[in-house]
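Trainee: I have just opened this entry and would like a guided look. Could you take me through it?

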Amino acid sequence: MTSKNLTLRRLICGLLLLSMMAALFCACGDQGNTDQPAVTTEPPVTEPPLPPKTGENAMEIVQAGLKDQLVTDPHTALDRDSNMTQLEALYANLEVATGDMHHHTWYSDGYNTFAEVKASADKLRYDFFACSEHNNWKQLDEELWAPDRNLYSMEYTTNKGHLNIYVPNKEALQKVQEFTYHDPDRNRDYTMKFDQIPDMPVITPRYWGQGFMQTFSNSLKDGTTFYAQLVDYIHSLGGFIQICHPYYPGYLYTPIDDENGNIDYFGFDAVEIFNATEFNGAGGIEYNARAYEYWQHLLNNGEKVYATTGSDTHYLFEGESITHLNVTEMNSQGFFDSITAGNFSLSNRTDGLRIRMSIGDTMMGGTTTYEADKTLCVRIDMVKSYGPYRVNIYTDKGIAYSQVYTKDDVEIEIPIEDRLYYRVEIVKNGAKVTSTSNQKDYPFYLAFSNPIFLSDAQ
């Protein structure tokens, strides 16, 4: 090999060696250089999972009247069209009776005669009205009082609170005054008789009853045993009993939480959640809202208790605080049966929203068992347009469904979960009522259903 060729080979080998050393040096330097990102393969781009569908627009947060509320119990809405066949069959033979469950004439502390009050009911096309006079039933002697128009009712009135009592007939109403209270503190019995009501009204609180009502009820320590015994007695007559206007100033019955978070409840069948001549009146909205919260508290604790409303007017009817009864017949028995079954809804006016609902073959107010394939069917009929309104479906765990609608007739169907109850609340979307008592804002309520309750299979 010539010296020229040897020199060339040595040069090529040297270059290769230098190249290898340089590559090795770079590799070692890269291992210690944390500023340089490692070369990796990008993962495939995926869309985030969609939230559970809780309404037609799959909203997670809804505008429930005024403030944002979470849909805390989201239910999956059905993709197919709602099937109202069974609901329609259940309600096919029922009529809707529209009227007022709580008012007064001059037979207790009302200003107007029975005839004047009836004329105002006729003008508003009421199907029924309940003269729930204070501690008397003299209205039943009125020639204008008719069983196809009225309920057998009375407002049992004490200084501890007021309760509206509804019974199936006059005989049961007359027996209310035979209630005997056993006072465990004094270990003695007390009874009462109502005042004799004069033929003409007089300006006096005559409806309190004799002695017992005004004096004795003031001396009760807490009223617990009194209310419990009275409720049991009314139930023994086949009656239905509601607590009237809880939380309103001037009425001593106010359910208050104790140190354990419990709340007073003595087995009433219903809570009057809206007591007002004007359903959304600024003067009473605070107290109505508290009564509404009280009712919801009872429901969430597993109590089977209904919601009622009444104008409690002491003048003429104005078409506010309306009850829509689903009745088999237009008479006092039909009205009473609807109330005791809880098959009725509430609305702010006679031309307000009406609600029908069912789970399987169980209508509003009833109790059924939970089964995974059952659905809740809701039908809402609007008599008069209110503009956009929001439908909220509640369970004991919160709002399960919420959606804004503008159409007159709405059908909703959702599969049910294992809950204590389902009920419907309807508010005027975005509207508010500012209370004159505490200056707080409240939703503008339009309608409520009574619940359908669920129980474990026996």
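Mentor: We shall go from the whole chain to a sheet, a helix and a few residues.

Mentor: This is a predicted model, in which local features need pLDDT of at least 70 and side-chain atom pairs count only at pLDDT 80 or more, while totals for chains, interfaces and linings use all residues. Residues are numbered from 1 along each chain as its sequence is written, and side-chain values use heavy atoms, with hydrogens and water left out.

Trainee: How many helices and strands are there in the protein?

Mentor: The protein has eight helices and 23 strands. These are DSSP runs numbered from the N terminus: helices are H or I with at least four residues, and strands are E with at least two.

Trainee: And what share of the residues is buried?

Mentor: Of the 458 residues, 51% are buried, meaning under 20% relative accessible area; exposed means over 50%, and partly exposed lies in between (1.4 Å probe, protein chains only).

Trainee: Turning to the sheet, what is the order of the four strands?

Mentor: The open sheet runs β15-β14-β17-β20, with antiparallel pairing. Two strands pair if DSSP finds at least two bridges between them.

Trainee: Which strands stand at the edges?

Mentor: They are β15 (362-363) and β20 (409-415); each has a single partner strand, so one side of each is left without a neighbour in the sheet.

Trainee: How many bridges join β14 to β17?

Mentor: Seven bridges join β14 (residues 353-359) to β17 (residues 375-382). In one of the pairs, Ile355 has Ile380 of β17 as its bridge partner.

Trainee: New topic: what span should helix α7 have?

Mentor: Helix α7 (residues 285-300) has 16 residues and should span 22 Å at 1.5 Å a residue; its end C-alpha atoms are 22 Å apart, which agrees. The expected span is 1.5 Å times one less than the number of residues. Buried residues of α7 include Tyr287, Trp295 and Leu299. After α7 comes Gly302, with a positive phi near 90 degrees.

Trainee: Is Tyr315 buried or exposed?

Mentor: Tyr315 is exposed, at 52% relative accessible area. Tyr315 sits in the loop between β11 (306-310) and β12 (320-327).

Trainee: Last one: where is Asp351 found?

Mentor: Asp351 is in the loop between β13 (344-349) and β14. Its relative accessibility is 19%, so Asp351 counts as buried.

Trainee: Which residues does Asp351 touch?

Mentor: Leaving aside residues up to four places away in sequence, Asp351 touches Val383, Lys384 and Tyr386; contact means heavy atoms within 4.5 Å.
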